[in-house]
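Hello,

Here is the structure I promised to pass along. Have a look at it first, and my notes follow below.

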Amino acid sequence: MGLIKWIFTEEPLDEMKIGEVENSFGFNLPDDYKQCIIENNGGFPEPNIFDCDDGMIEAVFNNLISFTNKDLNIKMFYEFSSQKLIPFAKDPFGNLLCFDYRYNEKSPKIIFYDCEETTITPVCDSFTDLLERLYALESI
């Protein structure tokens, strides 16, 4: 199915804020993500369900992590950079979708980070791939 629209987005993002985050974390964010976050900062995708490459099904992409929200923003996840991970989205339970720079610092893959179990599940190869996988659960 793929992404249809973003809802509940915050104010458009200045590209300088993206540069500040990249400098702080020490990694360049993927271009497809940067194009998306500029207009959809903090937004919620519709539809929002995706399946992971390892077979985990029906994971939820709740929202993009904001660059500007004073209560919860991307800079608050700085400690993940030591693991070569940059969180960019959350599920409804506080688990994270992250860019994984551990194996390729130029083209990070997407992983699902379970905060309670501290486990990593491979999701897909790129941010665009993730958006193209999104689907809605069928109503019964």
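**Salt bridges, core and strands**

Asp31 has a relative accessibility of 53%, so it counts as exposed, the cut-off being over 50%. Please keep in mind that this is a predicted model.

Let me stay with Asp31 for a moment. Its partner in a salt bridge is Lys34, with 3.7 Å between the closest N and O atoms. Both residues belong to helix α2 and sit three residues apart, about one turn of the helix. Glu22 joins in as well: Glu22, Asp31 and Lys34 are linked in a network of salt bridges.

- Asp125 pairs with Lys109, and here the closest N and O atoms are 2.5 Å apart. Asp125 is in the loop between β9 and α3 while Lys109 is in strand β8, so this pair ties together parts 16 residues apart in sequence. Asp125 is partly exposed, with a relative accessible area of 43%, and Lys109 counts as partly exposed at 43% relative accessibility.
- Asp129 and Arg133 meet through their side chains at 3.5 Å, N to O. They are four residues apart in helix α3, about one helical turn. Asp129 is partly exposed at 23% relative accessibility, and Arg133 is partly exposed with a relative accessible area of 23%.

Now to the inside. The largest nonpolar core has 40 residues, and Tyr33, Phe50, Phe61, Phe88 and Leu97 are those with the most contacts inside it. Among the elements that each supply at least two residues of this core are α1 (15-25), α2 (31-40), β6 (85-90) and α3 (127-133).

Six of its six residues are buried, so β6 is largely enclosed by the rest of the structure. Leaving aside neighbours within four places in sequence, Phe88 is in contact with residues including Tyr33, Leu97, Ile110, Phe127 and Leu130. β6 pairs in the antiparallel sense with β5 (residues 63-64) over two bridges, where Asn63 stands opposite Lys90. β6 also pairs with β7, antiparallel over five bridges, with Ile86 opposite Phe99. Five residues lie between the strands in the hairpin of β6 and β7, and Gly94 takes a positive phi near 90 degrees there.

Best wishes

Key
Residues are numbered from 1 along each chain as its sequence is written. This is a predicted model: local features need pLDDT of at least 70, side-chain atom pairs count only at pLDDT 80 or more; totals for chains, interfaces and linings use all residues. Side-chain values use heavy atoms; hydrogens and water are left out. A nonpolar core is a set of buried Ala, Val, Leu, Ile, Met, Phe, Trp, Tyr and Cys residues joined through side-chain atoms within 4.5 Å. Buried means under 20% relative accessible area, exposed over 50%, partly exposed in between (1.4 Å probe, protein chains only). Contact means heavy atoms within 4.5 Å. Two strands pair if DSSP finds at least two bridges between them. A salt bridge is a side-chain nitrogen of Lys or Arg within 4 Å of a carboxyl oxygen of Asp or Glu.
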